[in-house]
Amino acid sequence: MARTRPDTTVPDLTGKLAVVTGASDGVGLGLAARLAAAGAEVIMPVRNHRKGEAAVAQIKRRYPGAALSLRDLDLASLSSVAALGAALRGEHRPIHILVNNAGVMTPPDRQTTADGFELQFGTNHLGHFALVGHLLPLLCAGRARVTSQISVAANRNAVNWDDLNWERSYDGFRAYSQSKIACGLFGLELDRRSSAAGWGITSNLAHPGIAATSLLAARPEVGRARATAGGRVIRALGRRGILFGTVETALLPALYGATSPEARGARVYGPGGFQHISGAPAEQAVYSRLRGEDDARRMWEVSERLTELSMTPSS
C-alpha cells in the first residue's frame, strides 16, 4: 500500500507579497513555488543569478501564472543585504511574508564572509538579522509573518560567546549549531519586541527535520566538491519513506509557520513524526538553547553592534 505523503493546506495568498531567501534550489525553491501557487507575488533574492533564472523557469513550468521576481542578494555581504533593503524600501510595497531560509552548513574549513565573520554565523544569522533590519518598515507596514529556518542542530552545542567567529578553535558543526541557535534566539526576540512596541510583526521558527536538502549537497562555493556521505544515505532512505524526509516534506513546517491561520508567534514548527525527523508539520517545544530571554537580548545587541544596524521601524 502506497504511503501518503505529508502535506499542509496553504490559504489563498492573492494580494500578498512574500520574500524567500535561498529560493534558487532545495527547500527555498519549493517554498517559493508553493507560495506562488497560492497566489502570492514572490520575490526571490539569490546569490547566483543563473540558478535563480532556472528556478523561476521551473516554477513557471508548473504554475504558468506565478508572479515571481529575482533580486540579487549575498547574505555573506552586509553591503549586498543593505543594497537589497534599499531597493525594496524604494518600491514602498508592504511585505506580508518573509521566510529566512537560506543558509550554509559545515564547510570543510573555516571560511569568512566579506565582512570577516565566520561564514555560517555571518550568513545564517547576521545576514538575516540585517535583512530584517533593512526591511523592517516594510514588514511593519504589511503586518508581516516572519518565519526563520533553524535546525535540529539548534538543540545541540551552544553559543561560543567568547569567540563568536571561531577564530581560536574551529569546529564546523559546533559553529553551524551556534548559527542556528543565534537565528532562533533572534526570531523569538523579534516577536517579543514586536509585541512590546506594536510593530505588528509575527515571528516564529521552523525546522525541516532531517532530509537531504541542498545544505548537504555538493557546494563548490564553500569547498565541498560532492554531497556528504550522510546526505547520500539520508536521500536514499527519504525517497523510500524510511525515517527521513524529502525536500518536499522538509519545506512543510516553514510553509505552515509562514502561512497557516493557526500558526502563532514565538512558536517552533517542525515535522510531527518520530523524533521530529519527518512527517506533517506540527508545533513542538522550544529548544532549551532558545529559551533564555537574557541570551536572546544579548544576541540581539551583539548583532546590532556587529552589523552596525539599529533595529527600528524608521531605519
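Author: A definition comes first: helix axes are lines fitted to C-alpha atoms over the stretch in contact, and angles run from 0 to 180 degrees between N-to-C directions. The model discussed here is predicted. In it, helix α5 (residues 172–197) packs against helix α9 (residues 293–307) at an angle of about 95°, and their axes are 9 Å apart.

Reader: Why is α5 called roughly perpendicular to α9?

Author: Angles of 65 to 115 degrees count as roughly perpendicular. The angle between α5 and α9 is about 95°, and therefore α5 is roughly perpendicular to α9.

Reader: Which residues of α5 and α9 meet?

Author: From α5 come Ala182, Leu185, Phe186, Glu189, Leu190, Arg192 and Arg193, and they meet Glu293, Asp295, Ala296, Arg297, Met299 and Trp300 of α9. Sorted by class, this contact holds seven nonpolar and six charged residues, with no polar ones.

Reader: What makes β3 and β8 the edges of the sheet?

Author: The open sheet has eight strands in the order β3-β2-β1-β4-β5-β6-β7-β8, and its pairing is mixed. β3 (67–72) and β8 (281–284) each have a single partner strand, so one side of each is left without a neighbour in the sheet. On average, neighbouring strands of this sheet are turned by 25° against each other, direction ignored.

Reader: Which strands does α5 touch?

Author: α5 packs on the sheet and touches β5 and β6 (202–206), its direction making about 155° with that of β6. Another helix, α4 (residues 119–141), lies across β4 (97–100) and β5 (145–149) and runs at about 180° to β4.

Reader: Why is Ser260 said to count as buried?

Author: Buried means under 20% relative accessible area. Ser260 has 2% relative accessibility and therefore counts as buried. Ser260 lies in the loop between α8 (252–259) and β7 (268–271). Leaving aside residues up to four places away in sequence, Ser260 touches Arg145 and Leu255.

Reader: What percentage of the residues of the chain count as buried?

Author: The chain has 315 residues, and 56% of them count as buried. The chain's accessible surface comes to about 13,200 Å², of which 49% belongs to carbon and sulfur atoms.

Definitions and conventions
Residues are numbered from 1 along each chain as its sequence is written. This is a predicted model: local features need pLDDT of at least 70, side-chain atom pairs count only at pLDDT 80 or more; totals for chains, interfaces and linings use all residues. Side-chain values use heavy atoms; hydrogens and water are left out. Helices (H or I, at least four residues) and strands (E, at least two) are DSSP runs, numbered from the N terminus. Angles under 35 degrees count as roughly parallel, over 145 as roughly antiparallel, 65 to 115 as roughly perpendicular and the rest as oblique. Contact means heavy atoms within 4.5 Å. Ala, Val, Leu, Ile, Met, Phe, Trp, Tyr, Cys and Pro count as nonpolar, Asp, Glu, Lys and Arg as charged, and the others, Gly among them, as polar. Buried means under 20% relative accessible area, exposed over 50%, partly exposed in between (1.4 Å probe, protein chains only). Accessible areas come from the Shrake-Rupley method with a 1.4 Å probe; for residues, only the protein chains shown count as cover. Two strands pair if DSSP finds at least two bridges between them.
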